[in-house]
Amino acid sequence: MSSESKDDPVFKALAHHRRREILDRLKDGPRTTGTLCEMFPQMDRCTVMQHLKVLEEADLVIARKEGRERWNHLNSLPIKHIYDRWISAYAGHALSILDRLRSDLEGQPEE
């Protein structure tokens, strides 16, 4: 049995700044692989495609072939799952601590 969580590929994909940049470009809508390569002139086509492969394996990008073009679509559901599982729970805890601190400070007499 593997100790790898189903979230691990998503965290791995999000760990690299170039992959996050690719996802940022896909927020505005689907883009062809060629268009993404043009948006990142500092990377060669092979490197862009390797990053896209990692994003696909994490289910963050869904690729569709249309004729000779490969369209890449953002799938934000894995990110929402991480938010629901990790971030919202910890954010709620942090807010309750801040609320308690505010109440404690408001209850103290002024000097």
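D99, R102 and E106 are joined up in a network of salt bridges, a salt bridge being a side-chain nitrogen of Lys or Arg within 4 Å of a carboxyl oxygen of Asp or Glu. This is a predicted model, where local features need pLDDT of at least 70, side-chain atom pairs count only at pLDDT 80 or more, and totals for chains, interfaces and linings use all residues. Residues are numbered from 1 along each chain as its sequence is written, and side-chain values use heavy atoms, with hydrogens and water left out.

Zoom in on the R102 and E106 pair: the closest N and O atoms are 3.2 Å apart. R102 and E106 are four residues apart in helix 5 (residues 77–107), so about one helical turn separates them. Helices here are DSSP runs (H or I, at least four residues), as are strands (E, at least two), and both are numbered from the N terminus. R102 is partly exposed at 42% relative accessibility, while E106 comes out as exposed at 57%. For the cut-offs, buried means under 20% relative accessible area, exposed over 50%, and partly exposed in between (1.4 Å probe, protein chains only).

## Other salt bridges

The whole structure has eight salt bridges. One of them pairs K27 with D24, with 3.8 Å between the closest N and O atoms. K27 and D24 sit three residues apart in helix 2 (residues 17–27), so they too are separated by about one helical turn. K27 is exposed, with 57% relative accessibility, and D24 is partly exposed, with 43%.

Over in helix 4 (residues 45–57), K53 and E57 are four residues apart, which means about one helical turn between them. Their side chains meet in a salt bridge at 3.7 Å, N to O. Both K53 and E57 are exposed.

D7 is buried and has no salt bridge, and the nearest side chain of opposite charge, K6, is 5.5 Å away. For charge, Lys and Arg count as positive and Asp and Glu as negative; His and the chain ends are not counted.

D7 sits in the segment before helix 1 (8–14). Setting aside neighbours within four places in sequence, D7 is in contact with H81, I82, R85 and W86, where contact means heavy atoms within 4.5 Å.

## A nonpolar patch on the surface

W86 turns up again in a nonpolar surface patch, together with F11, Y83, I87 and Y90. The accessible area of these residues together is about 520 Å², by the Shrake-Rupley method with a 1.4 Å probe, where for residues only the protein chains shown count as cover. Patches are made of residues with over 30% relative accessible area and no salt bridge: like charges are joined within 9 Å, and nonpolar side chains (Val, Leu, Ile, Met, Phe, Trp, Tyr) within 5 Å.

Helix 5 supplies the largest share of the nonpolar patch, four residues. W86 belongs to helix 5 and is partly exposed, with a relative accessible area of 31%.

## The largest nonpolar core

In soluble globular proteins, nonpolar side chains tend to be buried together. Here the largest nonpolar core has 17 residues, and I22, L36, V48, L55 and L60 touch the most other members. Helix 1, helix 2, helix 3 (33–39) and helix 4 are the elements giving two or more residues to this core, and helix 4 gives the most, with four. A nonpolar core is a set of buried Ala, Val, Leu, Ile, Met, Phe, Trp, Tyr and Cys residues joined through side-chain atoms within 4.5 Å.

V48 lies in helix 4 and is buried, at 0% relative accessibility. Leaving out neighbours within four places in sequence, V48 contacts L36, C37, F40 and M43. V48 and E106 are 58 residues apart in sequence and 54 Å apart in space, C-alpha to C-alpha.

V10 is in helix 1 and buried, with a relative accessible area of 4%. Not counting residues up to four places away in sequence, V10 touches A58, L60, P78 and I82. V10 and S96 are 86 residues apart in sequence, with 28 Å between their C-alpha atoms.

Last, a backbone detail. Most residues other than glycine have a negative phi. D59 is not a glycine, yet has a positive phi of about 65 degrees. D59 lies in the loop between helix 4 and strand 2 (61–66) and is partly exposed, at 40% relative accessibility.
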